[in-house]
Amino acid sequence: MIELHQLTKRYGNKLAVDGLSFQVPQGVVTGFLGPNGAGKSTTMRMILDLDRPTSGRVSIDGKGYGQLSEPLKKIGALLEAKAVHPGRSAYDHLLWLAQSNRIPRSRVDEVLALVGLTPVAKKRAKGFSLGMGQRLGIASALLGDPEILMFDEPVNGLDPEGILWIRNLMKGLASEGRTVFVSSHLMSEMALTADHLVVIGKGRLLADLSMAEFIKQNARSAARIRT
Ligand code: ADP
Ligand code: MG
């Protein structure tokens with residue numbers, strides 16, 4: 001479980017994340033919804049220790065990311081920025097990640113097959129389309145077979161087929177009992193994938209509830225028809 005407690009990040013005089021406290025429950029897809037600039041990516045970077053909180057704290061099963069002995073086996077993440085060396089093949093990229101986390105080489109072939117990149121595994125990443133890059137990022141996230149997965153705006157820029165693939169993947173991962181935390185600025189996307197919803201605006205928590213409750217609160221049960 002991911003737990004945030006009064007998590008705050010200030011960049012100069014800009015408050016990007018403002019006293020966020022919530023928990024990401026196990027075994028379901030939790031949508032992290034908010035408009036662009038709301039602080040979603042900053043929050044996710046702090047969960048991974050890529051950015052230091054100004055105040056407050058965040059833990060993964062009670063520990064900071066830096067205290068996890070084999071982090072890729074606990075939490076896998078796809079962040080917005082592409083972190084693949086353009087001259088390296090998909091296979092080699094995954095191999096160095098695996099070797100630096102004591103993950104067997106056979107797992108590289110497994111995740112390549114899982115995301116459908118086996119046919120292009122030996123091609124350099126610089127020739128990859130956005131969708132293929134996204135699949136490679138997801139393969140890296142899955143490499144350590146982690147209990148927790150975190151995806152930052154995974155469907156951005158993808159074609160309908162890619163979007164559908166990611167939706168089904170996330171649901172499948174949650175149905176295996178994994179924790180899935182996924183951000184989006186689109187409510188329509190979250191409504192199709194998330195079981196639980198955390199909504200933020202200007203760095204602050206606006207709502208933390210199940211999707212069923214959210215829909216109940218925001219849907220009208222009657223329609224007015226004028227002729
Ligand atoms: P989101 O992912 O929800 O679109 P971000 O977390 O990227 O939002 O950004 C939240 C706010 O923090 C924005 O106003 C953004 O401009 C600002 N911000 C994010 N990263 C930095 C940074 N490295 N330096 C300065 N400001 C930043
Ligand atoms: Mg973002």
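Start by selecting Lys-9: at 10% relative accessibility, Lys-9 counts as buried, where buried means under 20% relative accessible area, exposed over 50% and partly exposed in between, with a 1.4 Å probe and protein chains only. This is a predicted model, in which local features need pLDDT of at least 70, side-chain atom pairs count only at pLDDT 80 or more, and totals for chains, interfaces and linings use all residues. Residues are numbered from 1 along each chain as its sequence is written, chains are lettered from A and ligands numbered from 1 in the order in which they are written, and side-chain values use heavy atoms, with hydrogens and water left out.

Lys-9 sits in strand S1 (residues 2-11). Helices (H or I, at least four residues) and strands (E, at least two) are DSSP runs, numbered from the N terminus. Now show the side chain of Asp-51: a polar contact of 3.5 Å joins it to the side chain of Lys-9. A polar contact is a pair of N or O atoms within 3.5 Å; within protein, one must be able to donate a hydrogen and the other to accept it, and residues adjacent in sequence count only if both atoms are side-chain atoms. Leaving aside neighbours within four places in sequence, Lys-9 is in contact (heavy atoms within 4.5 Å) with residues including Lys-14, Ala-16 and Thr-42.

Next, select ligand 1. Lys-14, Ala-16 and Thr-42 are among the residues around ligand 1, a shell of residues with a heavy atom within 4 Å of it. Which element gives the most to this shell? Helix H1 does, with four residues; H1 spans 40-47, and strand S2 (14-24) also supplies at least two residues.

- A polar side-chain atom of Lys-14 is 3.3 Å from an oxygen atom of ligand 1.
- A backbone N or O atom of Gly-39 is 3.0 Å from an oxygen atom of ligand 1.
- An N or O atom in the side chain of Ser-41 is 2.8 Å from an oxygen atom of ligand 1.

The protein covers 63% of the 560 Å² of accessible area that ligand 1 has on its own, by the Shrake-Rupley method with a 1.4 Å probe; for residues, only the protein chains shown count as cover.

Move on to helix H3 (residues 90-99). Seven of its ten residues are buried, so H3 is largely enclosed by the rest of the structure. The buried residues of H3 include Ala-90, Tyr-91 and Leu-94. Around them, color helix H2 (71-74), helix H4 (106-114) and helix H5 (130-142), against which the buried residues of H3 pack.

Not counting residues up to four places away in sequence, Leu-112 touches Ala-90, Tyr-91, Leu-94, Leu-117, Thr-118 and Ala-121. Leu-112 is also one of the residues that touch the most other members in the largest nonpolar core, which has 45 residues. A nonpolar core is a set of buried Ala, Val, Leu, Ile, Met, Phe, Trp, Tyr and Cys residues joined through side-chain atoms within 4.5 Å.

Select Arg-178 next, in the loop between helix H6 (160-175) and strand S7 (179-184). Is Arg-178 buried or exposed? At 17% relative accessibility, Arg-178 counts as buried. Its side chain makes a polar contact of 2.8 Å with the side chain of Glu-176.

The last stop is Thr-193, in helix H7 (residues 187-193). Thr-193 counts as buried, at 3% relative accessibility. A polar atom of its side chain lies 3.0 Å from the backbone oxygen of Glu-189.
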